[in-house]
Amino acid sequence: MTERVALLEEPDTLRGALAPLRRRLLVRLSEPASATELAPEFGVSRQKLNYHLRKLEDAGLVELVAVRQRRGFTERVFRARADAYVIDPALVRAPRRDHEGD
């Protein structure tokens, strides 16, 4: 079941979501899709998308909604667990004073 908003409060979960491709996947996966379906949309290989989907699944950010056989391989269909994600402020460090002007 998809939540409206999910709180990212574990450092490993946050790291798993920050890669640009993974952020785009989370937005796109508001509707279920497989790596095979997503590859042409994202312009990357199915294998690369499977890698990133596995990382998002391990972090608990996407959920498996279907498994189907397709042309000799098993296709896994995922959906984002939430519509939006909020980062726990405790995970974000205050800027260091020696970098204030940066």
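This is a predicted model: local features need pLDDT of at least 70, side-chain atom pairs count only at pLDDT 80 or more; totals for chains, interfaces and linings use all residues.
Residues are numbered from 1 along each chain as its sequence is written, and side-chain values use heavy atoms, leaving out hydrogens and water.

User: Are helix 2 and helix 4 roughly parallel or roughly perpendicular to each other?

Analyst: Helices here are DSSP runs of H or I with at least four residues, and strands are E runs of at least two, numbered from the N terminus. Helix 2 (residues 20-28) and helix 4 (residues 46-58) pack at about 75 degrees, axes 10 Å apart; axes are lines fitted to C-alpha atoms over the stretch in contact, with angles from 0 to 180 degrees between N-to-C directions. Angles under 35 degrees count as roughly parallel, over 145 as roughly antiparallel, 65 to 115 as roughly perpendicular and the rest as oblique. So helix 2 and helix 4 are roughly perpendicular.

User: Which residues of helix 3 are buried?

Analyst: Buried means under 20% relative accessible area, exposed over 50%, partly exposed in between (1.4 Å probe, protein chains only). In helix 3 (residues 35-42), that picks out Ala35, Leu38, Ala39 and Phe42.

User: Which residue of strand 4 is the bridge partner of arginine 70?

Analyst: Strands pair if DSSP finds at least two bridges between them. For arginine 70, the partner in strand 4 is phenylalanine 73.
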